[in-house]
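Subject: Handing over the structure, with notes

Dear colleague,

I am passing the structure below on to you, and I would be grateful if you could read it alongside the notes that come after it.

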Amino acid sequence: MPDNFTKRIAIYPGSFDPITNGHVDIIKRAARMFDEVIVLIAFNPNKVYLFSVEERMEMIREIFKDVSEIRVDCYSGLLVDYMKMSGANIILRGMRALSDFEYEFQMALMNRRQTKNIETVFLMSGFKWFYTSSKLIKEVVGLGGSVKGLVPDNVHQKLLEKYGAGNRG
Ligand code: PNS
């Protein structure tokens, strides 16, 4: 390892309410590109959450328990402040369709305005997960539909617990 080696740390912030297979796909792709990926449960004031921060952290930790390059953390302040504290300068976000673009572009530019030396890197999610979103997952399970295969098994189980037995999940 060269003397001047600096660890390439990417922060993957989001609500993850709950984490989906689309998120997992992005995290796995990122783990091949960076030395460390921190999955950060951050606060989005525009959302009402189904799962507590602790529940979301536990689900994500369980999924990546055997992957040393992936860490899970939470933060309720500004993302750029967390970046400064952690010494990371890359924000990672997944992009599915064109409909994601405007929201992502605005956040990336706002974060860049807050602080220098931070770049947002976008990864395209796998085609399989094009239509997978936490919002739709909750809506479908809440109304008794099936989301099996769209979320990790432990998340599927938790969703069934939240919405009650008898649900097809
Ligand atoms: O999964 P989401 O809800 O689309 O993620 C949005 C999130 C949590 C990344 C964003 O709301 C965020 O960065 N929250 C932390 C507070 C902050 O820095 N807000 C300014 C964003 S430009």
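Predicted model: local features only at pLDDT ≥ 70, side-chain atom pairs only at ≥ 80, totals over all residues.

Residues are numbered from 1 along each chain as its sequence is written, and side-chain values use heavy atoms, with hydrogens and water left out.

Backbone

Most residues other than glycine have a negative phi, and most peptide bonds are trans. Against that background, the bond joining D17 and P18 is a cis peptide bond, with omega about 0 degrees. P18 is placed in the loop between β1 (9-14) and α1 (21-31), where helices (H or I, at least four residues) and strands (E, at least two) are DSSP runs, numbered from the N terminus. F16 is also found in the loop between β1 and α1, and its phi is near 50 degrees, a positive value in a residue other than glycine. N117, which is not a glycine either, has a positive phi of about 65 degrees, and this residue lies in the loop between α4 (98-114) and β5 (119-124).

Are F16 and N117 buried or exposed? On the scale used here, buried means under 20% relative accessible area, exposed means over 50%, and partly exposed is in between (1.4 Å probe, protein chains only). F16 counts as buried because its relative accessibility is 3%, whereas N117 counts as exposed because its relative accessibility is 67%.

Rings

Rings of Phe, Tyr and Trp (its six-membered ring) are taken to pair if their centres lie within 6.5 Å, and planes under 30 degrees apart count as stacked, over 60 as edge-to-face and the rest as tilted. By this rule there are 5 aromatic pairs. One of them is the edge-to-face pair of Y12 and F16, at 5.2 Å centre to centre and with 70 degrees between the planes; both of these residues are buried. Another is the tilted pair of Y75 and Y82, at 5.4 Å centre to centre and with 55 degrees between the planes. Within that pair, Y75 is partly exposed, with a relative accessible area of 24%, and Y82 is buried, with a relative accessible area of 4%.

Nonpolar cores

In soluble globular proteins, nonpolar side chains tend to be buried together. A nonpolar core is here a set of buried Ala, Val, Leu, Ile, Met, Phe, Trp, Tyr and Cys residues joined through side-chain atoms within 4.5 Å. The largest such core has 31 residues, of which I19, I60, L92 and L159 touch the most other members. Two or more residues are given to this core by β1, α1, β2 (36-42), α2 (53-63), β3 (70-75), β4 (90-95), α5 (134-142) and α6 (153-163), and the largest share, 5 residues, comes from α1. With its neighbours within four places in sequence left aside, I60 is in contact (heavy atoms within 4.5 Å) with F16, I19, V39, I41 and V72. A second, separate core has 12 residues, among them L40, L79, A88 and I118.

Ligand

Which residues come nearest to the ligand? Of the 15 residues around the ligand (a heavy atom within 4 Å), they are S15, N44, K47, L79 and Y103. Some of these residues make polar contacts, that is, pairs of N or O atoms within 3.5 Å. An oxygen atom of the ligand is 2.6 Å from an N or O atom in the side chain of S15, and a polar side-chain atom of Y103 lies 2.8 Å from an oxygen atom of the ligand. For L79, a polar backbone atom is 2.8 Å from an oxygen atom of the ligand.

Two individual residues

E119 lies in strand β5 and is partly exposed, with a relative accessible area of 42%. E119 and I90 are 29 residues apart along the chain, and their C-alpha atoms are separated by 5.1 Å. Leaving aside neighbours within four places in sequence, E119 is in contact with N89, I90, I91 and R112.

S125 lies in the loop between β5 and α5 and is buried, with a relative accessible area of 14%. Not counting residues up to four places away in sequence, S125 touches D25, I26, M95 and R96.

With best wishes

Note on methods
Polar contact = N/O pair within 3.5 Å; in protein donor to acceptor, adjacent residues only side chain to side chain.
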